[in-house]
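Please open the model in your viewer and keep a selection tool at hand.

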Amino acid sequence: MAFKDLREFVEFLEKKGELKRVKTKVDPVLEITEITDRVSKKNGPALLFENVKGSDFPVLINTFGSFDRMSWSLGVENLDEIANRIRKIMSTNLPGNLIEKLGALIKLKDFTNYMPKLVKKAPCQEVVLTENFSLEDFPILKCWPGDAGKFITLPLVITKDPVTGQQNMGMYRMQIFDGKTTGMHWHIHHDGAENYRKAIEAKDKFEVAVALGADPATIYSATAPLPKGIDELIFSGFLREEPVDIVKCKTVDLKVPARAEIILEGYVDLNELRREGPFGDHTGYYSLADEYPIFHIQSITHRKNPIYPATIVGRPPMEDCYFGKATERIFLPLIQLMYPEIIEINLPFEGVFHNCVIVSINKSYPLHANKIMNAIWGMGQMMFSKMIVVVDKNVNVHDCSEVAWKIFNNVDPERDIAFTRGPLDVLDHSSNSSCYGSKIGIDATKKWKEEGYPREWPDDIKMDDETKRLVDDRWLNYSIE
C-alpha cells in the first residue's frame, strides 16, 4: 500500500505494535537523542514524544529504524520486491551508460504514470505564517554534546536549477542560527550545491523550500542517489505506485509535497556565508565546522497540529542505516543492468554507506575483479567508495565473517590490493585533504593461472550432500539437543 502521508504511516505502525508513544515530558536538547539511541541500538520501535519541553508539537523519530519499517514505508514487505519490480520493466536494449539507462527507464510508461499531481488546496497550508513565526516554536533537537546548536535533521530541501528550471529535492542538515535563519549544509558533490553555484553565476535570487514530514516514500526519495535531472518526486510516485500530490508555495516559485507536515519557504543569499557545525554525524564522528550558505525563512506553513519529524545520526547501527540498505536493494538491478556479472552487493552498516562496498561477481576472465572496482568508482555516488572488496559468486556478501575469511586467506597483498585516488565523501575525515584521497580495492577471488598464479588453488572444505542428508535424518537419534 501507498501511505498518503506521514500520519497515516504512524497509524499503521501503531497498529503493528511498532510505535511507542512517550507521554513523559522530555527535553529536545540531548535527552531525546539518548533515549532514541538506546532504543535504536536494540532494534526498538518508532517513538512519538508527545510532551516536549518548549514546544506544543510532538516529535516523531526512529520511524524507519528497522528492516520491517523501512520496507513498510515503501509499501512492501521486503525491499527486494521493489528491485524485482524494476527488473520486470528493464530492457536489455536501453542505450548508454548507467545514468542514461536510468533516464530511459524513468521515461518509460511505468514511470511517467507517476508524475506529481498539482493540487490547489493542500493540508500543508492549513496554517500560513508570514509574520509572527519562529523556528523556536518547533521541537528541534540538539543531538550531541559537541554539536554547535540545534539542527533540523530530516529536511527535504527543494531547489530549482536556474538554467533548466528542473526542481531537485535532497536531504541536508540545517543548523538553527535564530528563529528565522539556518545553515544550509549541502555538500559540494550534491545537486543542491550545484544549483546554488549556477545561481551565483547567473546572479539570480536563489529560492528554497524545505518540507518536513512528507509521506515516507518521499522522505526516502530525497536520500536516493538519483542522477541529476531525475525528479525525486517521480521516483517517489513509482515507489508508492501512485503520484505524489504537490502544491505551489505561498511566497516562492517552488512546488512542495502537499501532504507534508511543515513547509519552510525562503531564500539563500548568494553573497553570504556563515560558520556551520560541528555536528555529530552518521560516520560516528563530529563533522567539523566550515563556511556554508544561510537560509532565510520568510514564511512557514503547516498542518493543524503538525508532527515534527526528526532523526539522529551517529555510530551505527542507527535509523539512517536502513535508508542505506533500501538504496542498496533498490539500485542493485540498475547496477546489474550495466554490469550483469555482478551477483550481489553489500554496503555494511559499519561502512556508513560510502566507506566499504562488498561485491560478488561471476568471474569470467583475468583481472575481472579490477574491472568491477574501477566500474564502481566511476558510478555516480558510488565514486565515494573508499574500500571495495570483490569476492566470487558463491560467497555470501552479507556474511561479513565469510567475507573476512576469504580476504584473510585468499589475498596476497602485493598482487591483490589496488590503490587509486579520487573523490571522497565530504564527511570522510581520514584523508589529508577534504573531498578527495586514496581508495583501496581488494581482490579476494580465486586466482587463475592466467592471472599469473602458478600453483594449484585449494578447494573449500565441504561435507558431501549424502552425508549431510544422513546426519539430518538421524539427528534426533544422537540425543545432542
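**Charged pairs and a pocket**

Select Lys363 and Glu451 to begin, whose side chains meet in a salt bridge with 2.8 Å from N to O; a salt bridge here is a side-chain nitrogen of Lys or Arg within 4 Å of a carboxyl oxygen of Asp or Glu. Lys363 lies in the loop between strand S20 (357-361) and helix H11 (368-377), and Glu451 in the loop between strand S23 (436-443) and helix H14 (465-474), so the pair ties together parts that are 88 residues apart in sequence. Helices (H or I, at least four residues) and strands (E, at least two) are DSSP runs, numbered from the N terminus. Lys363 is buried at a relative accessible area of 10%, and Glu451 is buried at 17%, where buried means under 20% relative accessible area, exposed over 50% and partly exposed in between (1.4 Å probe, protein chains only).

Before moving on, note that this is a predicted model, in which local features need pLDDT of at least 70 and side-chain atom pairs count only at pLDDT 80 or more, while totals for chains, interfaces and linings use all residues. Residues are numbered from 1 along each chain as its sequence is written, and side-chain values use heavy atoms, with hydrogens and water left out.

Next select Glu18 and Arg69, a salt bridge whose closest N and O atoms are 2.7 Å apart. This pair links distant parts of the chain, with Glu18 in the loop between helix H1 (6-15) and strand S1 (19-22) and Arg69 in helix H3 (residues 67-73), 51 residues apart. Arg69 is buried, its relative accessible area being 0%.

Then go to helix H2 (residues 31-41), where Lys41 and Asp37 lie four residues apart, about one turn of the helix. Their salt bridge brings the closest N and O atoms to 2.7 Å; Lys41 is partly exposed at 36% relative accessible area, whereas Asp37 counts as buried at 14%.

For a linked group, select Asp5, Arg7, Arg259, Glu261 and Arg303, which are joined in a network of salt bridges. The structure holds 30 salt bridges.

Finally, display the second largest pocket, with about 560 Å³ of space. A pocket is an open set of points on a 1 Å grid over the protein atoms alone, where a 1.4 Å probe fits, with protein on both sides within 12 Å along at least five of seven lines; lining residues have an atom within 4 Å of a point. Its volume is the space filled by probe spheres set on the points, which are joined across faces, edges and corners. Of the 27 lining residues, Asp290, Tyr292, Val426, Ser434 and Cys435 lie nearest the centre of the second largest pocket. Strand S17 gives the most to this lining, with four residues.
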